[in-house]
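This briefing covers helix packing, salt bridges and the surroundings of selected residues. The sequence and the structure come first, and the notes follow by topic.

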Amino acid sequence: MLRFEVGADDLLRSRFAISPLFELDNLLRKLSGLSPYRLPGAWSARLMPVYRKLRATTDLDAVLALHSRTRGPGFAAPPPRSLAQSIEDDLATVRATALADARTEIAQCLNLRPAYDERILAILRSDDVVERTARALQTAWTELLAADWLQLRALCERDVVHRAGQLSRSGWVAALDGLHPRVRWRDGGIEILRSSENRTVSLGGQGLLLVPSAFLWPQVSAHVDEPWPATLIYPARGIAALWETPSAVIQGALGTLVGRARAGLLTALDQPASTTQLARSLGLATGAVGDHLAILHGAGLLTKARSGRSVLYRRTPLGDALVAASSAIR
(Lines give C-alpha, C1' and ligand atoms only; values in the text may rest on other atoms or scores of the structure.)
Protein backbone atom coordinates (compact mmCIF):
# COMPACT_ATOMS: atom_id res chain seq x y z
CA MET A 1 0.00 0.00 0.00
CA LEU A 2 1.21 3.51 -0.82
CA ARG A 3 0.09 6.24 1.56
CA PHE A 4 0.34 10.01 1.12
CA GLU A 5 0.40 11.86 4.45
CA VAL A 6 -1.58 15.07 3.98
CA GLY A 7 -1.18 18.29 6.00
CA ALA A 8 -3.25 21.46 6.12
CA ASP A 9 -1.06 23.27 3.55
CA ASP A 10 -1.37 20.41 1.07
CA LEU A 11 -5.01 21.20 0.42
CA LEU A 12 -4.05 24.73 -0.66
CA ARG A 13 -1.22 23.58 -2.92
CA SER A 14 -2.79 20.56 -4.57
CA ARG A 15 -3.55 21.12 -8.24
CA PHE A 16 -4.78 19.44 -11.39
CA ALA A 17 -3.01 18.91 -14.70
CA ILE A 18 -3.47 17.04 -17.97
CA SER A 19 -0.61 15.06 -19.54
CA PRO A 20 -0.77 14.43 -23.30
CA LEU A 21 2.37 12.28 -23.47
CA PHE A 22 1.28 10.23 -20.48
CA GLU A 23 -1.92 9.48 -22.39
CA LEU A 24 0.10 8.43 -25.43
CA ASP A 25 2.31 6.28 -23.20
CA ASN A 26 -0.72 4.41 -21.85
CA LEU A 27 -2.26 4.03 -25.31
CA LEU A 28 1.00 2.47 -26.56
CA ARG A 29 1.03 0.12 -23.58
CA LYS A 30 -2.43 -1.12 -24.50
CA LEU A 31 -1.59 -1.52 -28.17
CA SER A 32 1.69 -3.31 -27.43
CA GLY A 33 0.16 -5.75 -24.94
CA LEU A 34 2.25 -4.50 -21.99
CA SER A 35 -0.95 -3.48 -20.22
CA PRO A 36 -3.14 -6.33 -18.96
CA TYR A 37 -6.11 -4.33 -20.25
CA ARG A 38 -7.01 -3.97 -23.91
CA LEU A 39 -8.68 -1.25 -25.91
CA PRO A 40 -12.32 -1.80 -26.84
CA GLY A 41 -12.74 -3.70 -30.09
CA ALA A 42 -13.71 -0.70 -32.23
CA TRP A 43 -10.76 1.38 -31.02
CA SER A 44 -8.34 -1.52 -31.45
CA ALA A 45 -9.57 -2.27 -34.95
CA ARG A 46 -9.10 1.37 -35.94
CA LEU A 47 -5.71 1.98 -34.32
CA MET A 48 -3.88 -1.34 -34.56
CA PRO A 49 -3.09 -1.11 -38.32
CA VAL A 50 -1.68 2.38 -37.77
CA TYR A 51 0.35 1.16 -34.81
CA ARG A 52 1.86 -1.66 -36.88
CA LYS A 53 2.73 0.77 -39.66
CA LEU A 54 4.48 3.07 -37.18
CA ARG A 55 6.55 0.19 -35.84
CA ALA A 56 7.68 -0.63 -39.37
CA THR A 57 8.42 2.93 -40.55
CA THR A 58 9.60 4.91 -37.48
CA ASP A 59 11.85 4.48 -34.44
CA LEU A 60 8.84 3.59 -32.28
CA ASP A 61 10.20 0.09 -31.58
CA ALA A 62 13.15 1.68 -29.78
CA VAL A 63 10.80 3.64 -27.54
CA LEU A 64 8.69 0.54 -26.86
CA ALA A 65 11.83 -1.44 -25.96
CA LEU A 66 12.29 0.83 -22.93
CA HIS A 67 8.90 -0.08 -21.46
CA SER A 68 8.23 -2.84 -18.98
CA ARG A 69 5.04 -3.55 -17.05
CA THR A 70 6.14 -1.33 -14.15
CA ARG A 71 8.36 1.29 -15.74
CA GLY A 72 9.02 3.41 -18.79
CA PRO A 73 11.53 6.09 -19.76
CA GLY A 74 10.68 9.10 -17.62
CA PHE A 75 12.10 11.60 -20.10
CA ALA A 76 9.58 10.34 -22.71
CA ALA A 77 6.59 11.17 -20.47
CA PRO A 78 7.53 14.28 -18.45
CA PRO A 79 5.32 15.50 -15.58
CA PRO A 80 2.66 17.99 -16.67
CA ARG A 81 2.63 21.48 -15.22
CA SER A 82 -0.94 22.63 -15.75
CA LEU A 83 -4.35 22.02 -17.28
CA ALA A 84 -3.18 23.92 -20.35
CA GLN A 85 -0.43 21.40 -21.10
CA SER A 86 -0.14 20.71 -24.83
CA ILE A 87 1.64 18.04 -26.81
CA GLU A 88 4.00 20.76 -28.05
CA ASP A 89 4.91 21.58 -24.43
CA ASP A 90 5.58 17.91 -23.70
CA LEU A 91 7.71 17.34 -26.79
CA ALA A 92 9.75 20.47 -26.06
CA THR A 93 10.50 19.05 -22.60
CA VAL A 94 11.52 15.72 -24.12
CA ARG A 95 13.87 17.46 -26.56
CA ALA A 96 15.43 19.45 -23.72
CA THR A 97 16.58 16.25 -21.98
CA ALA A 98 20.35 16.09 -21.55
CA LEU A 99 21.92 13.15 -23.39
CA ALA A 100 23.61 11.93 -20.21
CA ASP A 101 20.29 11.89 -18.34
CA ALA A 102 18.58 10.06 -21.18
CA ARG A 103 21.34 7.43 -21.29
CA THR A 104 21.03 6.87 -17.53
CA GLU A 105 17.30 6.25 -17.86
CA ILE A 106 17.77 4.04 -20.91
CA ALA A 107 20.25 1.88 -18.99
CA GLN A 108 17.83 1.55 -16.08
CA CYS A 109 15.01 0.51 -18.39
CA LEU A 110 17.15 -2.03 -20.23
CA ASN A 111 18.23 -3.55 -16.92
CA LEU A 112 14.57 -4.31 -16.23
CA ARG A 113 13.79 -5.55 -19.74
CA PRO A 114 16.89 -6.26 -21.85
CA ALA A 115 16.78 -5.61 -25.61
CA TYR A 116 18.73 -7.80 -28.06
CA ASP A 117 17.71 -6.40 -31.44
CA GLU A 118 20.83 -4.70 -32.84
CA ARG A 119 18.76 -2.18 -34.82
CA ILE A 120 17.02 -1.05 -31.63
CA LEU A 121 20.24 -1.00 -29.62
CA ALA A 122 21.92 1.12 -32.28
CA ILE A 123 19.17 3.73 -31.94
CA LEU A 124 19.32 3.71 -28.14
CA ARG A 125 23.13 4.11 -28.19
CA SER A 126 23.12 6.90 -30.79
CA ASP A 127 24.07 10.47 -29.96
CA ASP A 128 20.72 11.72 -31.28
CA VAL A 129 18.59 9.25 -29.31
CA VAL A 130 16.70 12.09 -27.58
CA GLU A 131 15.67 13.70 -30.87
CA ARG A 132 14.82 10.33 -32.43
CA THR A 133 12.64 9.51 -29.42
CA ALA A 134 10.86 12.87 -29.70
CA ARG A 135 10.26 12.38 -33.44
CA ALA A 136 8.86 8.89 -32.91
CA LEU A 137 6.52 10.16 -30.18
CA GLN A 138 5.43 13.12 -32.30
CA THR A 139 4.56 10.87 -35.24
CA ALA A 140 2.76 8.39 -32.97
CA TRP A 141 0.75 11.24 -31.46
CA THR A 142 -0.23 12.59 -34.87
CA GLU A 143 -1.20 9.21 -36.29
CA LEU A 144 -2.78 7.55 -33.23
CA LEU A 145 -4.18 10.16 -30.88
CA ALA A 146 -4.43 13.67 -32.33
CA ALA A 147 -7.82 13.12 -33.97
CA ASP A 148 -9.41 11.99 -30.70
CA TRP A 149 -7.59 14.33 -28.33
CA LEU A 150 -10.13 17.16 -28.17
CA GLN A 151 -12.82 14.67 -27.17
CA LEU A 152 -10.60 12.93 -24.60
CA ARG A 153 -9.31 16.22 -23.21
CA ALA A 154 -12.86 17.50 -22.76
CA LEU A 155 -13.71 14.43 -20.68
CA CYS A 156 -10.65 15.05 -18.50
CA GLU A 157 -11.53 18.74 -18.12
CA ARG A 158 -15.06 17.84 -17.02
CA ASP A 159 -13.59 15.58 -14.38
CA VAL A 160 -11.41 18.43 -13.11
CA VAL A 161 -14.43 20.75 -12.82
CA HIS A 162 -16.14 18.14 -10.65
CA ARG A 163 -13.14 17.20 -8.48
CA ALA A 164 -11.90 20.75 -7.97
CA GLY A 165 -15.35 21.82 -6.83
CA GLN A 166 -15.55 18.93 -4.39
CA LEU A 167 -12.04 19.59 -3.09
CA SER A 168 -12.62 23.30 -2.50
CA ARG A 169 -16.07 22.87 -0.95
CA SER A 170 -15.76 19.71 1.11
CA GLY A 171 -12.10 18.66 1.24
CA TRP A 172 -10.31 15.43 0.42
CA VAL A 173 -13.01 12.97 1.45
CA ALA A 174 -15.48 14.39 -1.08
CA ALA A 175 -12.86 14.84 -3.82
CA LEU A 176 -11.74 11.21 -3.54
CA ASP A 177 -15.28 9.82 -3.40
CA GLY A 178 -15.70 7.47 -6.34
CA LEU A 179 -12.27 8.34 -7.75
CA HIS A 180 -11.20 4.69 -7.82
CA PRO A 181 -12.00 1.58 -5.73
CA ARG A 182 -8.34 1.35 -4.70
CA VAL A 183 -8.10 4.96 -3.45
CA ARG A 184 -9.40 6.00 -0.05
CA TRP A 185 -9.03 8.66 2.62
CA ARG A 186 -8.09 7.32 6.03
CA ASP A 187 -6.74 8.96 9.19
CA GLY A 188 -5.38 12.10 7.54
CA GLY A 189 -3.91 10.44 4.49
CA ILE A 190 -4.63 9.18 0.98
CA GLU A 191 -4.09 5.45 0.56
CA ILE A 192 -3.63 3.58 -2.73
CA LEU A 193 -4.37 -0.07 -2.10
CA ARG A 194 -2.53 -2.89 -3.89
CA SER A 195 0.14 -0.48 -5.09
CA SER A 196 3.53 -1.79 -6.24
CA GLU A 197 4.95 0.74 -3.77
CA ASN A 198 4.81 -0.12 -0.07
CA ARG A 199 5.68 3.03 1.81
CA THR A 200 4.40 6.25 3.34
CA VAL A 201 5.22 9.55 1.65
CA SER A 202 4.67 12.94 3.27
CA LEU A 203 3.43 15.63 0.90
CA GLY A 204 5.33 18.09 3.07
CA GLY A 205 3.09 21.05 2.32
CA GLN A 206 3.74 20.81 -1.44
CA GLY A 207 0.34 19.33 -2.22
CA LEU A 208 -0.64 16.55 -4.58
CA LEU A 209 -0.72 16.69 -8.38
CA LEU A 210 -3.97 15.12 -9.61
CA VAL A 211 -4.08 13.98 -13.24
CA PRO A 212 -7.26 12.57 -14.82
CA SER A 213 -6.55 10.08 -17.60
CA ALA A 214 -8.41 8.43 -20.45
CA PHE A 215 -6.14 5.50 -21.29
CA LEU A 216 -5.12 4.53 -17.76
CA TRP A 217 -8.65 3.15 -17.24
CA PRO A 218 -9.46 0.95 -15.33
CA GLN A 219 -6.25 1.28 -13.33
CA VAL A 220 -4.87 3.95 -10.99
CA SER A 221 -1.26 5.08 -10.74
CA ALA A 222 0.90 7.10 -8.36
CA HIS A 223 4.29 8.72 -8.84
CA VAL A 224 6.58 9.58 -5.95
CA ASP A 225 10.04 9.70 -7.55
CA GLU A 226 11.72 12.55 -9.44
CA PRO A 227 11.23 14.19 -11.85
CA TRP A 228 7.54 13.80 -11.00
CA PRO A 229 6.14 15.53 -7.91
CA ALA A 230 3.83 13.48 -5.69
CA THR A 231 1.16 12.56 -8.22
CA LEU A 232 -2.05 10.56 -8.36
CA ILE A 233 -3.25 9.61 -11.86
CA TYR A 234 -6.75 8.19 -12.11
CA PRO A 235 -9.43 7.37 -14.71
CA ALA A 236 -11.47 10.43 -15.64
CA ARG A 237 -15.15 10.30 -14.76
CA GLY A 238 -17.28 9.09 -17.64
CA ILE A 239 -14.38 7.64 -19.62
CA ALA A 240 -15.82 4.12 -19.44
CA ALA A 241 -18.84 5.31 -21.43
CA LEU A 242 -16.52 6.39 -24.25
CA TRP A 243 -15.38 2.82 -24.77
CA GLU A 244 -18.91 1.46 -24.86
CA THR A 245 -21.34 1.25 -27.74
CA PRO A 246 -24.07 3.94 -27.73
CA SER A 247 -26.33 3.55 -24.77
CA ALA A 248 -29.62 1.79 -25.18
CA VAL A 249 -31.10 4.72 -23.28
CA ILE A 250 -30.17 7.03 -26.14
CA GLN A 251 -31.32 4.55 -28.77
CA GLY A 252 -34.59 3.78 -26.98
CA ALA A 253 -37.40 5.67 -25.31
CA LEU A 254 -35.46 8.81 -24.39
CA GLY A 255 -34.12 9.20 -27.92
CA THR A 256 -37.60 8.76 -29.33
CA LEU A 257 -38.98 11.39 -26.95
CA VAL A 258 -36.43 14.20 -27.27
CA GLY A 259 -34.26 13.14 -30.20
CA ARG A 260 -30.99 11.22 -30.24
CA ALA A 261 -28.66 14.22 -29.92
CA ARG A 262 -30.61 15.77 -27.04
CA ALA A 263 -30.86 12.39 -25.33
CA GLY A 264 -27.08 12.07 -25.54
CA LEU A 265 -26.60 15.51 -24.02
CA LEU A 266 -29.11 14.89 -21.27
CA THR A 267 -27.51 11.55 -20.41
CA ALA A 268 -24.04 13.14 -20.31
CA LEU A 269 -25.05 15.99 -18.01
CA ASP A 270 -25.09 14.16 -14.69
CA GLN A 271 -22.16 16.50 -13.90
CA PRO A 272 -21.69 20.14 -14.98
CA ALA A 273 -20.19 20.81 -18.41
CA SER A 274 -19.90 23.70 -20.82
CA THR A 275 -21.13 23.80 -24.39
CA THR A 276 -17.58 23.42 -25.71
CA GLN A 277 -16.78 20.49 -23.43
CA LEU A 278 -19.95 18.68 -24.45
CA ALA A 279 -19.32 19.30 -28.15
CA ARG A 280 -15.81 17.88 -27.89
CA SER A 281 -16.66 14.90 -25.71
CA LEU A 282 -19.66 13.87 -27.82
CA GLY A 283 -18.21 14.78 -31.21
CA LEU A 284 -20.94 17.30 -32.06
CA ALA A 285 -20.85 20.79 -33.58
CA THR A 286 -20.68 23.53 -30.94
CA GLY A 287 -23.52 25.52 -32.48
CA ALA A 288 -25.81 22.49 -32.61
CA VAL A 289 -25.02 21.66 -28.98
CA GLY A 290 -25.89 25.22 -27.95
CA ASP A 291 -29.25 24.99 -29.72
CA HIS A 292 -30.08 21.64 -28.12
CA LEU A 293 -29.06 22.88 -24.66
CA ALA A 294 -31.31 25.93 -25.02
CA ILE A 295 -34.28 23.69 -25.80
CA LEU A 296 -33.54 21.31 -22.91
CA HIS A 297 -33.07 24.27 -20.57
CA GLY A 298 -36.33 25.84 -21.71
CA ALA A 299 -38.11 22.54 -21.02
CA GLY A 300 -36.85 22.57 -17.42
CA LEU A 301 -34.57 19.56 -17.91
CA LEU A 302 -31.33 21.49 -17.40
CA THR A 303 -30.06 24.26 -15.16
CA LYS A 304 -27.17 26.56 -15.98
CA ALA A 305 -24.77 28.71 -13.97
CA ARG A 306 -21.74 30.80 -14.86
CA SER A 307 -18.33 29.58 -13.68
CA GLY A 308 -15.55 32.00 -14.62
CA ARG A 309 -15.75 32.48 -18.38
CA SER A 310 -17.89 29.41 -18.97
CA VAL A 311 -21.57 28.61 -18.54
CA LEU A 312 -22.00 25.15 -17.06
CA TYR A 313 -25.11 23.06 -17.67
CA ARG A 314 -26.40 20.24 -15.48
CA ARG A 315 -29.56 18.15 -15.29
CA THR A 316 -32.36 19.32 -13.02
CA PRO A 317 -34.21 16.81 -10.80
CA LEU A 318 -36.77 16.57 -13.61
CA GLY A 319 -34.00 15.72 -16.06
CA ASP A 320 -32.61 13.12 -13.64
CA ALA A 321 -36.04 11.54 -13.31
CA LEU A 322 -36.50 11.39 -17.08
CA VAL A 323 -33.15 9.67 -17.65
CA ALA A 324 -33.76 7.26 -14.78
CA ALA A 325 -37.25 6.38 -16.01
CA SER A 326 -36.01 5.83 -19.57
CA SER A 327 -33.23 3.58 -18.26
CA ALA A 328 -35.71 1.54 -16.23
CA ILE A 329 -37.83 0.66 -19.30
CA ARG A 330 -35.00 -0.40 -21.58
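**Helix packing and salt bridges**

Helices H14 and H15 cross in a right-handed manner (a crossing is right-handed if the near helix is turned clockwise from the far one by less than a right angle, and left-handed if anticlockwise). The model is predicted, so local features need pLDDT of at least 70 and side-chain atom pairs count only at pLDDT 80 or more, while totals for chains, interfaces and linings use all residues. Residues are numbered from 1 along each chain as its sequence is written, and side-chain values use heavy atoms, with hydrogens and water left out.

**Packing of H14 and H15**

- H14 spans residues 275–282 and H15 spans residues 286–298; helices (H or I, at least four residues) and strands (E, at least two) are DSSP runs, numbered from the N terminus.
- The angle between H14 and H15 is about 115°, and their axes are 9 Å apart; axes are lines fitted to C-alpha atoms, for helices over the stretch in contact, and angles run from 0 to 180 degrees between N-to-C directions.
- On the H14 side the contact involves Thr-275, Leu-278 and Ala-279, and on the H15 side Thr-286, Val-289, Gly-290 and Leu-293 (contact means heavy atoms within 4.5 Å).
- By class, the residues of this contact are 4 nonpolar, 3 polar and no charged; Ala, Val, Leu, Ile, Met, Phe, Trp, Tyr, Cys and Pro count as nonpolar, Asp, Glu, Lys and Arg as charged, and the others, Gly among them, as polar.

**Packing of H5 and H8**

- The axes of H5 (residues 87–95) and H8 (residues 129–170) come within 9 Å and cross at roughly 160°.
- H5 and H8 are therefore roughly antiparallel (angles over 145 degrees count as roughly antiparallel, under 35 as roughly parallel, 65 to 115 as roughly perpendicular and the rest as oblique).
- The H5 and H8 crossing is right-handed.
- H5 contributes Ile-87, Leu-91, Val-94 and Arg-95 to the contact, and H8 contributes Val-130, Glu-131, Ala-134, Arg-135, Leu-137, Gln-138 and Trp-141.
- The contact of H5 with H8 contains 7 nonpolar, 1 polar and 3 charged residues.

**Salt bridges**

- The whole structure holds 15 salt bridges, a salt bridge being a side-chain nitrogen of Lys or Arg within 4 Å of a carboxyl oxygen of Asp or Glu.
- Asp-25 and Arg-29 form a salt bridge with an N to O distance of 3.1 Å.
- Both Asp-25 and Arg-29 belong to helix H2 (residues 20–32), where they sit 4 residues apart, about one turn of the helix.
- Asp-25 is buried at 14% relative accessibility, and Arg-29 is buried at 12% (buried means under 20% relative accessible area, exposed over 50%, partly exposed in between, with a 1.4 Å probe and protein chains only).
- Asp-320 pairs with Arg-315 in a salt bridge of 2.7 Å, N to O.
- Asp-320 is partly exposed at 35% relative accessible area, whereas Arg-315 is buried at 13% relative accessibility.
- Elsewhere, salt bridges with shared partners link Arg-3, Glu-5, Arg-184 and Glu-191 into one network.

- Asp-159 lies in helix H8 and is buried, with a relative accessible area of 1%.
- Asp-159 forms a salt bridge with Arg-163, with the closest N and O atoms 3.6 Å apart.
- Arg-163 and Asp-159 are 4 residues apart in H8, so about one helical turn separates them, and Arg-163 is also buried.
- Beyond its neighbours within four places in sequence, Asp-159 contacts Pro-212, Tyr-234, Pro-235, Ala-236 and Arg-237.
- Ala-154 is in contact with Gln-277, Arg-280 and Ser-281, leaving aside neighbours within four places in sequence.
- The C-alpha atoms of Ala-154 and Leu-278 lie 7.4 Å apart, although the two residues are 124 residues apart in sequence.

**Thr-316**

- Thr-316 is in the loop between strand S10 (310–315) and helix H16 (317–328).
- Thr-316 counts as buried because its relative accessibility is 13%.
- Not counting residues up to four places away in sequence, Thr-316 touches Gly-300, Leu-301, Leu-302 and Thr-303.
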